[in-house]
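Please look over the sequence and the structure shown below before reading on.

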Amino acid sequence: MINNILKSFVLVIKKPIGFFNAKPTMASSCVSVVLLLFTLLLGHGLFQLEASKNACRNTHTAQPYRTSYHFQPAMNWMNDPNAPMIYKGIYHLFYQYNPQAAVWNASIVWAHSTSTDLINWTLHDPAMYPSEASDINGCWSGSATILPGGEPAILYTGISSNNKQVQNLAVPKNSSDPYLTEWVKSAENPLMEPPENIDPNSFRDPATAWLGPDGTWRVVIGSEFHDKGLVFLYRSKDFVHWSKAEQPLHSVEGTGMWECVDFFPVSTDSLTGLDTSKFGPNIKHVIKASLFDTKFDCYIIGTYDVNTDKFIPEEGSIDKVTGLRYDYGKFYASKTFFDSANNRRILWAWVNESSSEADDIKKGWSGLQAIPRSLWLDKSGKQLMQWPIVEVERLHGHQVELPSKLLEEGSLLEVTGITAAQADVEISFAVTGFEKAEVLDSSLTNPQLLCSQLGSSVKGALGPFGLLVLASNDLKEYTAVFFRIFKDQDKYAVLMCSDQSRSSLDTANDKTTYGAFVEVDPVHENLSLRSLIDHSIVESFGAGGKACITARVYPTLAIDEETHLYAFNYGTEKVKITSLSAWSMKEARINKIIQQEDHHILMDS
Ligand code: DQQ
């Protein structure tokens, strides 16, 4: 297959200019120091960033918000994850990157890092940058498909010389190189142009393609028509020549542009992930759309018939307010891939800043990737579950465990003995006193609004109880991640909130409170909460991954060793902590590379 496709390639992607030499925007930052060192050593064919990054953490006052185990470039702007895949045992992450500044720029490039464990990452030169008429104004998002011979192919959106969004193909120049450092763009590009009547600025982000039993490839591309969000379906016999199906695979009125669409199968009877080209019994399919208007990653579960190419959605709808979301905080432009080495489906997403653009320019960088999550269908079949990949536990350092403990009304319990600014914490609560639960106001069913109105300080009966993370000693600053339980007709509604309103004394940041209902029965199950805390990001997982909320915060007092962690209960009813484990997290090696004279890249994990 790959040979046939390769026949049509003549354009070799050239080395980019200025990727590492881009002018730092904040001369005094430790990031700038790192880059200077990097540039100097690069001239000698050998560079090793580890020492300088450690120095960066120690002299954190200039950069208190850089993370220690989340994926981020050394500097500048990053947004969507692109084409995540595993190839010859190496994980690849490409990402939208602006080599020039800490702000987005349309002529964005595909930066590239690889890993053996999805935690420690080695930086490579960008894989693609604008170079041809079909992408001269930008190499935008796209996905990888593993072809039948095992080689990958990338479909991505190019912004063409006439400023249209078109779909292009690239394949590795040398598929025996597990690091896939060089990519060749197809001479046939563009392979797909905006359909008639579609705004040429609203046709982008091809997903991973799938191969039907009829030997035909299918792929979906996000679009919009008069505020109706939709996914176009295209078919191809050879991965090069594509034709649009008459009907979109799915569309929903009033949802606006669908970016970074994803389409994949999930198993109804096991937690293992499935290859994107898997069909048959005990399989449902998921369509995910990143809603441009709200910046929500919404999904719908349904059944897909590969013979008729019909997707029939089940309960609910992709929707700006009520749609199911991967994450109810900051988590956008996500993409999944099938990790064939471990039979799991892994989810990546961009987590942007909550600071102002001016602050991003000052600090010299913007954007993180969430910790990769395993994703599977809940046993109810009605929603997806997510959990940080198990490899993140390799970063666990010192652990503290608290014995079971009753939290009386108004109590605050400090968890000491770990690095609270860089931690993983799991807590579980048993709740009683359900007869005291407040009744859910039927006019107030938007969980985010409910969380913002009540925050963490309004006392309820069952809750708020949970964690205060990235908290200062005097509690002038904290981010509260917690539950409240309400009586809702003949059952109980569990609300999970992440309240950033007190996260920083700096008033310039976006401190929106986030919320979600968690589909769990608190009468018969303990309520668990896990938070991954990493200086300026808090990723929280309620009830084993039924509801996830990611927040960005910028404390001014709760920095590094001045940071505290508490469990709390401000409800009138007692709750019992049934288990609490917390770990200091070690620093991951992210985007540091060791390069030898022969320019052979060594993995430094
Ligand atoms: N980001 C890319 C687009 C995509 C958007 C451009 C989503 O391809 O639609 O950087 O964040």
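**The ligand and its surroundings**

In this predicted model, an N or O atom in the side chain of D205 lies 2.5 Å from an oxygen atom of the ligand. On its own the ligand has 310 Å² of accessible area, and the protein covers 94% of that area.

- The elements that each contribute two or more residues to the shell around the ligand are β2 (76-87), β6 (139-146), β16 (258-267) and β21 (332-339).
- There are 13 residues around the ligand, and those that come nearest are D80, Q96, R204, D205 and E259.
- A polar side-chain atom of N79 is found 3.0 Å from an oxygen atom of the ligand, while for S141 it is a polar backbone atom that lies 3.1 Å from an oxygen atom of the ligand.

**The protein as a whole**

- The protein contains five helices and 42 strands, and of its 605 residues, 62% are buried.
- When contacts between residues at least 6 apart in sequence are considered, 65% of them join residues at least 24 apart.
- The protein exposes about 22,300 Å², of which carbon and sulfur atoms supply 52%.

**A hairpin of two strands**

- Strand β25 (residues 373-377) pairs with β26 in the antiparallel sense, over five bridges, and Q386 in β26 is the bridge partner of L375.
- Six residues lie between the two strands of this hairpin, where G381 takes a positive phi near 75°.
- Strand β26 (residues 384-388) is mostly covered, since four of its five residues are buried.

- The peptide bond that joins N189 and P190 is cis, with omega at about 0°, and P190 has its place in the loop between β9 (183-186) and β10 (203-204).
- A cis peptide bond also runs from G463 to P464, with omega near 5°, but P464 is placed in strand β32 (residues 462-471).
- F239, a residue other than glycine, has a positive phi near 75°; F239 is found in the loop between β13 (228-236) and β14 (242-244), and with a relative accessible area of 0% F239 is buried.
- D309 is not a glycine either, although its phi is positive at about 55°; D309 lies in the loop between β18 (296-305) and β19 (310-313), and D309 counts as buried at 9% relative accessibility, because buried means under 20% relative accessible area.

Note on methods: Residues numbered from 1 in each chain as written. Predicted model: local features only at pLDDT ≥ 70, side-chain atom pairs only at ≥ 80, totals over all residues. Heavy atoms only, no water. Buried < 20%, exposed > 50% of the residue type's maximum accessible area, 1.4 Å probe, protein only. Pairing = 2+ DSSP bridges. Near = heavy atom within 4 Å. Polar contact = N/O pair within 3.5 Å; in protein donor to acceptor, adjacent residues only side chain to side chain. Areas by Shrake-Rupley, 256 points an atom, 1.4 Å probe, with all protein chains shown as cover. Contact = heavy atoms within 4.5 Å.
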